[in-house]
Amino acid sequence: MLFRYCMFYTGSTLSILPESFYRAHFSNFLLEPTKIKLKSYDGSIILPVGVVNVMVTYNNRSDSCSFLVVQSGQRPLIGRDLIQHFQINIVFGSAYEQQHTLSSYSPEKIAENIVNEFSELFDGTLGKYKYGKISLKVKDNVQPKFCRPRPIPYAFRKGVDHELEKLENLGVISKIETSQWGTPLVPVLKPDNTVRVCSDYKVTLNKYLEDVEHPVPRIEDIFNKLQGGQLFSKLDFSHAYNQLEVDEETSIMLAWSTHKGIFKVNRLPFGTKPACQIFQREVDKTLQGCEGVACLLDDIVITGRSMDEHVHNLRTVLVKLKSAGFKLNKNKCKFFQDGLKFLGHIIDKEGLRKDPSKIDAILKAPIPKNVSEVKAFVGMINYHGRFIKNLSIILAPLYDLLKKNTPFQWSKECDRSFQKLKKIITSDQILVHFNPDLEIVLECDASECGVGACLMHKMPNGELKPISFASRILTKAERRYATIQKEALAIFFGCKKFFEYLMGHKFTIRSDHKPLLGLFGENQGLPQMATGRVQRWALFLSNFDYKLEYVKGSNNSADGLSRLPLEGDNPIVSSEKQESGGYLNFVE
């Protein structure tokens, strides 16, 4: 949008837009209230409608600038504030004005300009953190563990050799003659049929590593930092942990045992137990003192009380990240959004409120079509609603459907009971807010038609209280999976759905499928003989600090969710199809 024939007027301290001009060209920009009063030469007082911040370009220089919006007038008026700011040299003519063209950009154009200005941050290369190397510590009296290289299938060997050569050329790994530590590799077939090289630290280093204590921010802390924000930008790190270099001793502990020899690892990999806390700590140190900024894992959220403040805060963060040597993933960064979701809440200019999607798996659950689905739903209600007043009376129409020799007929009474119970189970009477100080439990289950997961807290009295619910239907291909793969998918779905809650915390996964203990157990290595998808799921789970427990099906609250799954989008399948390679496939 162009300001054509702007009037440059040194008699005005501030720059002004007519309201008609604002409405015609800049109504998508926030008009904020102002207490400023204008006084004309005849002494009359003019009360501005408000103030708007827009990006102005003059002589290839772009800045966010404020304009007062007034009811009268036809042209934009450039006052002394912008004349001085842009160092505009005015040669006065007979009309006491000069014709110039200034540009004002939409939020999308502002974002594009900022990305171009900091193009080095978004160039797709692997970053290298400049403010120190990472040191991992093992517990006392631990003996180094070296595992012999695992056999590589001949069909994978060419791809593995290519990955090792690429990583060595990049300086990510370095060949060494000998090492007391040695972690075996597991080649994993990606959806595009290329090979990913994965290090199995679950069988070597992880069980001996000391924990790193660094707090993951609470929702209250993040809200306090972002309170008053109008728009929100989110920055995503590229290959997050891998941008951190490790010291020499740690690189030896992380060494790989391969058919090509021993390689020390020079970057912090995914799959090492304290990686999440370490990365959070280093990012917090880098951005310490930044206003309107909150960090969570590999995401940074920036806001401001005005567009000008937002742009200023965003530039400050980008300068600090660039100085620290970090790199960002351009495709996952979002700029000037209306709001964002975090830990079951929505943060926007209106403040903090509950995210309704966290209870959609209950509220939008379809009506049961047979006795087994009614039984699963009633079991879930009894599991979470045992202290609800008059629960047995509310459940009575559904109990009648479970009686022997009773034809299945869904009546109006059944439907009223079903809808009422869904509202009760998602009320504040049952649900609790996420609290990282409480024990976290994730129950997962699969049925012939869907997968479900329930995230819960174990309260001090031992009672399990739900935080959030999730479910989805299985695709036609997934319905042909073996039972163990469906149950494994349920765990992968639950951990991916509740990633923000689980990453960086110790938690318990509960499943009613006992064979998964040998596949995904916390002390089990990455499965060598499983299908590619199961290996990818196991690799994803290796990033978490969890314990896997078996629980009887009658005590699994996710059973009802998997039997009455939500229809709609399929985020897990799409994420598998969109997997892509990178510099550090071995740790993604």
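A: Leu-517 lies in helix α15, where helices are DSSP runs of H or I with at least four residues, strands are runs of E with at least two, and both are numbered from the N terminus. The model is predicted, so local features need pLDDT of at least 70 and side-chain atom pairs count only at pLDDT 80 or more, while totals for chains, interfaces and linings use all residues. Residues are numbered from 1 along each chain as its sequence is written, and side-chain values use heavy atoms, with hydrogens and water left out.

Leu-517 counts as partly exposed at 31% relative accessibility; buried means under 20% relative accessible area, exposed means over 50%, and partly exposed is in between, with a 1.4 Å probe and protein chains only. Neighbours within four places in sequence aside, Leu-517 is in contact with Gln-524, Leu-548, Glu-549 and Tyr-550, contact meaning heavy atoms within 4.5 Å. Glu-549 is 32 residues from Leu-517 along the chain, and their C-alpha atoms are separated by 7.4 Å.

Helix α15 covers residues 516-520, and the loop between it and α16 (532-541) holds Gln-528. Gln-528 is partly exposed, with 43% relative accessibility. Not counting residues up to four places away in sequence, Gln-528 touches Arg-150 and Gln-535.

The domain assignment, which is automatic or from a database, gives domain 1 (7-86), domain 2 (106-339), domain 3 (350-427) and domain 4 (430-526). The centres of domain 1 and domain 4, taken over C-alpha atoms, are 55 Å apart. UniProt, in an unreviewed entry, places the feature "domain: Reverse transcriptase" at residues 189-347; its positions are in the numbering used here, feature names are shortened, and annotations may be inferred rather than shown by experiment. Over residues 189-347 the chain is 28% helix and 26% strand, with 39 Å between the end C-alpha atoms.

Apart from residues up to four places away in sequence, Ile-467 touches Lys-358, Leu-431, Val-432, Phe-434, Leu-455, Met-456, His-457 and Tyr-501. From Ile-467 to Lys-190, 277 residues away along the chain, the C-alpha separation is 33 Å.

Helix α10 spans residues 371-384, and its 14 residues reach 20 Å from the first C-alpha to the last, close to the 20 Å expected at 1.5 Å a residue; the expected span is 1.5 Å times one less than the number of residues. Its buried residues are Glu-373, Val-374, Ala-376, Phe-377, Val-378, Met-380, Ile-381, Tyr-383 and His-384.

Most residues other than glycine have a negative phi. In Asn-405, phi is near 60°, a positive value. Asn-405 sits in the loop between α11 (391-401) and α12 (412-425), and it counts as exposed at 81% relative accessibility. Gln-87 also has a positive phi, near 50°. Its loop runs between α2 (80-85) and β10 (101-105), and Gln-87 is exposed, at 70% relative accessibility.

As for cysteines, a search of the whole structure finds zero disulfides, a disulfide being a pair of cysteine sulfur atoms within 2.5 Å. Cys-198 is in no disulfide, with the nearest cysteine sulfur, that of Cys-147, 16 Å away. Cys-198 is buried, at 0% relative accessible area. The closest cysteine sulfur to that of Cys-444 is in Cys-495, and because the two are 6.0 Å apart they are too far for a bond. Cys-444 is buried as well, with a relative accessible area of 1%.

Of its 588 residues, 53% count as buried. The C-alpha trace spans about 95 × 75 × 40 Å along its principal axes. The accessible surface comes to about 28,000 Å², of which 49% belongs to carbon and sulfur atoms; areas come from the Shrake-Rupley method with a 1.4 Å probe, and for residues only the protein chains shown count as cover. Among contacts between residues at least 6 apart in sequence, 73% join residues at least 24 apart.
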